Amino acid sequence: MNLTTDIHSIFVLTLAIFTLGSTFLAVYTVANAVRLRNIRISWKSGKLNGYPLFSTLFLGFSLIITTIVVVLEIDQFFNIMASYSWMGFCWFVSSYFTSKSYITDHGIVKNINDPSQTIAWHQINDYVEKPASKGSEFVFIYQAVPGNTRDRKIIRLELVVPDSKTDKFNKVIDLKIGKTMTPVVDTSFDFKAFE
């Protein structure tokens with residue numbers, strides 16, 4: 001029994017499991033994005049010029065190291081670096097679609113893989129708009145279980161809308177919920193009080 005061979009085998013097995021897991025996550029996220037219907041507006045909301053920060057950096061670093069391995073013809077690391085590059089690509093794809101915000105005819109989807117960050121228009125009880133850097137910040141107050149007053153749980157959803165999408169977003173808001181409520185604008189609120 002050789003310890004070095006065993007450690008290498010465990011490393012390769014772990015890398016294969018994570019590569020397979022990231023592939024499934026990317027396929028699941030893309031399938032969720034394809035299933036969305038009647039998208040009115042969407043925008044990128046990642047930290048790196050609209051793209052997700054860590055997955056973009058990981059993908060870039062993996063591609064640089066893979067290029068070095070290919071150029072220097074280090075054959076024993078080619079499969080490992082190809083796995084890291086594929087894992088980085090899958091992580092980037094899933095992070096990109098997850099960080100996008102979607103406004104549909106049915107509601108707001110802030111995170112495509114997290115149902116708790118998806119709300120239907122009829123669930124919204126109130127909302128507040130305040131100016132933010134590079135856009136407007138909307139705080140929506142909604143019920144987790146609509147109609148059931150006994151088990152009512154009030155939740156808030158924060159959404160930052162970029163300047164280029166604010167006018168279109170306000171038109172959708174006016175169309176969907178503007179007839180029943182109006183926003184409170186330019187008023188100081190303690191947003192932590194909504195928690």
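# Salt bridges, cores and loop residues

Student: Does Asp105 count as buried, partly exposed or exposed?

Tutor: In this predicted model, Asp105 has a relative accessibility of 24%. Buried means under 20% and exposed means over 50%. The value for Asp105 falls between these limits, so the residue counts as partly exposed.

Student: Which residue forms a salt bridge with Asp105 at 2.4 Å?

Tutor: The cut-off for a salt bridge is 4 Å between a side-chain nitrogen of Lys or Arg and a carboxyl oxygen of Asp or Glu. The closest N and O atoms of the pair are 2.4 Å apart.

Student: Which residues are linked with Arg40 in a network of salt bridges?

Tutor: Asp105 also meets the side chain of Lys176 in a salt bridge, at 3.9 Å from N to O. Lys176 is in helix α4, and this pair links parts of the chain 71 residues apart. Lys176 counts as partly exposed, with 30% relative accessibility. The residues in the network with Arg40 are Asp105 and Lys176.

Student: What is the count of salt bridges by this rule?

Tutor: Besides the salt bridges in the network of Arg40, Asp105 and Lys176, Glu137 forms one with Lys130 at 3.9 Å. Glu137 is buried, at 15% relative accessible area, whereas Lys130 is partly exposed, at 27%. By this rule the count of salt bridges is 4.

Student: Which residue's side chain makes a polar contact with the side chain of Arg156?

Tutor: Arg156 sits in strand β7, which covers residues 154-162. At 16% relative accessibility it is under the 20% limit, so Arg156 counts as buried. The side-chain contact has a distance of 2.6 Å, and the partner is Glu158.

Student: How many residues are in the largest nonpolar core?

Tutor: The residues with the most contacts inside this core are Ile103, Ile108, Trp121, Phe140, Leu159 and Phe169. Strands β1 (39-43), β5 (124-132), β6 (135-143) and β7, with helix α4 (163-176), each give two or more residues to this core. A second, separate core of 5 residues includes Ala33, Leu36, Val109 and Ile112. The residue count of the largest core is 18.

Student: How far apart in space are Ser62 and Ser85, C-alpha to C-alpha?

Tutor: Ser62 is in helix α2 and is buried, with 2% relative accessible area. Leaving aside neighbours within four places in sequence, Ser62 is in contact with Met81, Tyr84 and Ser85. Ser62 and Ser85 are 23 residues apart in sequence, and their C-alpha distance is 5.2 Å.

Student: What accessible area do the residues of the nonpolar surface patch have together?

Tutor: The patch is formed by Ile64, Ile68, Val71 and Leu72. One of them, Ile64, is found in helix α2 (residues 53-71). Together the patch residues have an accessible area of about 400 Å².

Student: Is Lys134 buried or exposed?

Tutor: Lys134 lies in the loop between β5 and β6 and has a positive phi near 65 degrees, although it is not a glycine. Its relative accessible area is 73%, over the 50% limit, so Lys134 is exposed.

Student: What is the phi of Asn38?

Tutor: Asn38 is found in the loop between α1 (3-35) and β1. Asn38 is partly exposed, with 43% relative accessible area. Its phi is positive although the residue is not a glycine, at about 55 degrees.

Student: What percentage of the residues of the protein chain count as buried?

Tutor: The protein chain has 4 helices and 8 strands, in the order α-β-α-α-β-β-β-β-β-β-α-β. It exposes about 12,300 Å², with 62% of that supplied by carbon and sulfur atoms. Of its 195 residues, the share that counts as buried is 35%.

Terms used:
Residues are numbered from 1 along each chain as its sequence is written. This is a predicted model: local features need pLDDT of at least 70, side-chain atom pairs count only at pLDDT 80 or more; totals for chains, interfaces and linings use all residues. Side-chain values use heavy atoms; hydrogens and water are left out. Buried means under 20% relative accessible area, exposed over 50%, partly exposed in between (1.4 Å probe, protein chains only). A polar contact is a pair of N or O atoms within 3.5 Å; within protein, one must be able to donate a hydrogen and the other to accept it, and residues adjacent in sequence count only if both atoms are side-chain atoms. Patches are made of residues with over 30% relative accessible area and no salt bridge: like charges are joined within 9 Å, nonpolar side chains (Val, Leu, Ile, Met, Phe, Trp, Tyr) within 5 Å. Accessible areas come from the Shrake-Rupley method with a 1.4 Å probe; for residues, only the protein chains shown count as cover. A nonpolar core is a set of buried Ala, Val, Leu, Ile, Met, Phe, Trp, Tyr and Cys residues joined through side-chain atoms within 4.5 Å. Contact means heavy atoms within 4.5 Å.
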